[in-house]
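Below is a short report on a predicted model.

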Amino acid sequence: MKLHENEFLAEYAESKLAVAGALLFVIFILLALVPSIFSSQNPYDLRQLALKNSFLPPGSGFLLGTDGQGRDILSAILYGLQISLFVGVASTLLSVFIGLLAGLISGYCGGLIDTAIMRLADLQLSFPAILIALIIMALWGQGISKIIIAITVVNWVYYARTARGSVLAEKEKDYVQAAQAMGMRAPVIIIGEIMPNVLAPIIVIATVRIANAIILEATLSFLGLGVPITRPSLGALIASGYQILFSGYWWVSVFPGLVLMLVVLSINLVGDRLRDVMNPRLKR
Amino acid sequence: MLIYITKRLLYAVGILIIISFLVFAIMYKAGDPTELLLPPDATQQDAIALKQYLGLDQPFHVQYLRFITHAVHGDIGRSFIYGQSALQVVFERLPATLELASVAMLISILMGIPLGVAAAVRPQSFPSQGIMFFSLLGISIPVFWTGMVLVLVFSVILGVLPSSGRGALFWHTSLLTADGILHIIMPAVTLALFQLALIIRLTRTGMLEVLMEDYIKLARAKGLPRRVVVFVHALKNTLIPVITIIGIQFGQLIAFAIVTETIFAWPGTGKLIIDSIQNLDRPVVVAYLLVVATIFVFINFIVDILYTFVDPRIRVK
């Protein structure tokens, strides 16, 4: 992999759309890291809001208009972006961690542990992710950490399966057999020897699944089962705007929706390209 | 073969038992619905009487055992809100959801497979790039956002399509009246978009891989027209994985109907579950989950069996 890094980048850059997606995603990350730079106000500091500014259309002093409490939509979007991306990235990291661990153990140990973990994965995969996450959130109530856990419960399976598949292939190779012959202990072999070799496909899947995690969070928040309304993500902003869509205040929900769409699109553009470049079966 | 089918069937039943336990445990933990059910001026005695009436004063294992014995007789309890049998409440809403999901599935298959084939045959051409970008949009747009934009454009701005309900029914379906068809367009398109995008992508990827196989090159080399090679030789082998995915995706459609039905106030099971979760209507939530789980397990069972017919290598194991 290391040797071909430049080749890899060059091939990635052949698709201008994919490059644009990567740039867009980096911009979103930067905006989310410091939302205060481009915000005219802290949208959740009530002292900075004025009711006389409520429901101003876009352009009238507020670039993207205001909501019913006189909150600047642009500022709300930037702070909401932070929460959406945080939930997406945090839940993905957590699920990669748990999934990788489960997959490595399952693949290396085999036997009863393997059967138990994979049966659990099969059982879970036979149900739509949204339904499982919905039930968890319905029981637990809203909360940022709760939704991160709910998404992790749903997503660990994908990494566990991929990791297990790679381990099964790696296990038979000479370097693992050599390590075993040298008397290295199983945890050392799994983490020190095998793990570095199974990471690449997991990273590709993880980039794509950040987008899924963000959509899942937004959907649950839209249904009122996601983040609390005091710290709204993009999905929660859209939900609160939807209620007043019919009164003609379209900008309250449409702008957060557009941003959400662009975020997910940029991630999917990157993920798509990574997959095409790394899939040798599609090489001409 | 018979042994294999029996095994899969036992496996399916086992899963359903596990799920019934999980679902019941979940709802048991979820809390006491009596407070929500009583009028605000009810006394302590009323609360105790209601608890006894609903059987909520019993310990967990007694409640679960009673639940299971009743469940095998088709009785999951009465809805706290509607007063009817919870299963009946779910079954009454099921046709609306199945109708919506079927129309969405049909839209995505009829458009997705041809578009996927087109995108694979000339991958570098401008229309193919357009199709792929559209499919990328399709998987990037959250279902609720599609629905909202459609409502904004066609109901709020243009005022041509109704934004809620099923419209006039004939024989329990909206598909036989003009008003009903107007009502189903937006929910069905909303629900279909993601599946459509997915089917385009699956068909294209499968097609690209198949088109590189030697037997395709042979067919071309012996002078068969490109059209025949693509639509007969290649498509046939691409469709096997696509069809199994379509089966599994029907379950996804039922799940995503939760979102679509909430947006369009479509009176199906999806809207029912959201309402029931908010009202803590435990029996209806349990009934919904059991019915939906049974549908999923059934679909998986069928897909498993179909696989063995399509790919005999699996049967050997």
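## Helix 5 of chain A

The 12 residues of helix 5 of chain A should span 16 Å at 1.5 Å a residue, and its end C-alpha atoms are 17 Å apart, which agrees. The expected span is 1.5 Å times one less than the number of residues. Helices (H or I, at least four residues) and strands (E, at least two) are DSSP runs, numbered from the N terminus.

Buried residues of helix 5 of chain A are Ala129(A), Ile130(A), Leu131(A), Ala133(A), Leu134(A), Ile135(A), Met137(A) and Ala138(A). A residue is buried if 20 or more other C-beta atoms lie within 10 Å of its own, exposed if 12 or fewer, and partly exposed in between, with C-beta atoms placed from the backbone. After this helix comes Gly141(A), with a positive phi near 85 degrees.

## Contact between the chains

In all, 32 residues of chain A are in contact with 31 residues of chain B; contact requires C-beta atoms, placed from the backbone, within 7 Å. On the chain A side, the elements giving two or more residues are helix 5 (129-140), helix 8 (186-222), helix 9 (234-242) and helix 10 (251-278). Helix 10 of chain A gives the most, with 9 residues.

By class, this side of chain A has 25 nonpolar, 5 polar and 2 charged residues. Ala, Val, Leu, Ile, Met, Phe, Trp, Tyr, Cys and Pro count as nonpolar, Asp, Glu, Lys and Arg as charged, and the others, Gly among them, as polar.

## Nonpolar core

The largest nonpolar core has 157 residues, and those with the most contacts inside it are Ala133(A), Leu134(A), Leu100(B) and Ala287(B). Such a core is a set of buried Ala, Val, Leu, Ile, Met, Phe, Trp, Tyr and Cys residues joined through C-beta atoms within 7 Å. Helix 3 (residues 73-109) of chain A gives the most to this core, with 16 residues.

Not counting residues up to four places away in sequence, Leu134(A) touches Leu220(A), Leu225(A) and Ile258(B).

## Chain B

Chain B has 13 helices and 0 strands. Of its 317 residues, 38% are buried.

The buried residues of helix 6 of chain B pack against helix 8 and helix 10 of chain A, together with helix 5 (86-121) and helix 8 (178-211) of chain B.

## Confidence and numbering

Chain A averages a pLDDT (the predictor's confidence in each residue, from 0 to 100) of 85, and 96% of the residues score at least 70.

In this predicted model, local features need pLDDT of at least 70 and side-chain atom pairs count only at pLDDT 80 or more, while totals for chains, interfaces and linings use all residues. Residues are numbered from 1 along each chain as its sequence is written, and chains are lettered from A and ligands numbered from 1 in the order in which they are written.

Definitions and conventions
Two residues are in contact if their C-beta atoms, placed from the backbone, lie within 7 Å.
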